[in-house]
Amino acid sequence: AGKRILSLLDENSFVEVGADVQARSTDFNAAPQNAPGDGVITGYGCVNGRMVYVYSQNAVSLGGSVGEMHAKKILNIYRLAMKTGYPVIGILDSTGLRLSESTDALNSLGNIMKIMSGASGVIPQITVICGNAGGGMSVLTELSDFVFMEKNGHLFLNSPNAVKGNYEEKCDTSSADYKSAAGTVDIIAEGDQVFTKVRE
């Protein structure tokens with residue numbers, strides 16, 4: 001997640017916000033887990049000298065799943081961006097909703113959708129799909145102005161195998177090529193080249 005941010009932003013321009021935030025496990029007698037940054041890195045920096053806010057989900061930490069504190073970090077970045085008028089770039093790589101946090105996680109995802117809807121037409125919103133963006137996370141792409149996707153990424157509300165009569169080998173409805181042809185994704189690129197396209 002951190003390397004992706006550094007690939008996107010100008011050298012030495014990134015300032016992290018909320019680095020010490022941890023997951024707050026309260027449901028089902030869950031034991032606290034060591035999850036640095038609660039699965040997302042947030043902050044701000046520059047692209048060609050222009051200020052942007054950015055968040056990057058960390059699939060290594062709790063699968064990049066969206067929980068309460070994860071979402072609050074993203075919401076904080078959006079509030080700062082709305083005050084200043086700068087764009088938000090979201091880098092998605094997530095297993096989706098953190099089921100162990102139950103309704104707290106569901107409410108948190110709803111709050112992200114709400115703030116993105118309110119930001120529509122006010123600030124530019126760019127979403128980059130690296131890895132997986134499934135379930136509720138796929139909705140965030142529809143709330144964005146521009147959607148970029150790595151060639152090997154996957155974007156889906158349901159698994160291709162969940163569609164009646166379909167299976168992944170027949171038609172991978174989560175693939176970058178399929179989503180681009182369907183008009184859901186604006187630009188696809190190989191690996192880190194996707195960040196070059198975002199910078200442009």
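Contact means heavy atoms within 4.5 Å. By that criterion Ile 5 touches Phe 14, Ile 41, Val 54, Ser 56 and Ile 91, not counting residues up to four places away in sequence. The model is predicted: local features need pLDDT of at least 70, side-chain atom pairs count only at pLDDT 80 or more, and totals for chains, interfaces and linings use all residues. Residues are numbered from 1 along each chain as its sequence is written, and side-chain values use heavy atoms, with hydrogens and water left out.

**Overall architecture**

- The protein has six helices and eight strands, where helices (H or I, at least four residues) and strands (E, at least two) are DSSP runs numbered from the N terminus.
- From the N terminus on, the order of these elements is α-β-β-β-α-β-α-β-α-β-β-α-β-α.
- The radius of gyration is 16 Å, close to the 16 Å that the globule rule gives for 200 residues, so the protein is as compact as a globular protein of that length; the radius is taken over C-alpha atoms, and the rule is 2.2 Å times the number of residues to the power 0.38.
- The C-alpha trace spans about 45 × 45 × 30 Å along its principal axes.
- Of the 200 residues, 45% count as buried, a term that means under 20% relative accessible area, with exposed over 50% and partly exposed in between (1.4 Å probe, protein chains only).
- Among contacts with a separation of 6 or more, 69% are accounted for by residues 24 or more positions apart.

**Helix α2**

- Helix α2 covers residues 68-84, and its 17 residues should span 24 Å at 1.5 Å a residue; the end C-alpha atoms are 25 Å apart, which agrees. The expected span is 1.5 Å times one less than the number of residues.
- The buried residues in α2 are Glu 68, His 70, Ala 71, Lys 73, Ile 74, Leu 75, Ile 77, Tyr 78 and Ala 81.
- These buried residues pack against β1 (15-17), β2 (40-47), β3, β4 (88-94), α3 (102-119) and β5 (125-134).
- Gly 85 follows α2 and has a positive phi, near 85°.

**Largest pocket**

- The largest pocket holds about 180 Å³ of space. On a 1 Å grid over the protein atoms alone, a cavity is a set of points where a 1.4 Å probe fits but cannot get out, whereas a pocket is an open set with protein on both sides within 12 Å along at least five of seven lines; lining residues have an atom within 4 Å of a point. Grid points are joined across faces, edges and corners, and a volume is the space filled by probe spheres set on the points.
- Its lining consists of Val 47, Arg 50, Met 51, Val 52, Pro 87, Ile 89, Pro 124, Ile 126, Val 198, Arg 199 and Glu 200.
- Two or more lining residues come from each of β3 (50-57) and α6 (193-199), and β3 gives the largest share, three residues.

**Individual residues**

- Ile 5 lies in helix α1 (residues 2-8) and is buried, with a relative accessible area of 0%.
- Ser 65 is located in the loop between β3 and α2 and counts as buried at 4% relative accessibility.
- Ser 65 touches Asp 38, His 70, Ser 94, Thr 95, Gly 96, Leu 97 and Arg 98, not counting residues up to four places away in sequence.
- Asn 107, in helix α3, counts as partly exposed at 47% relative accessibility.
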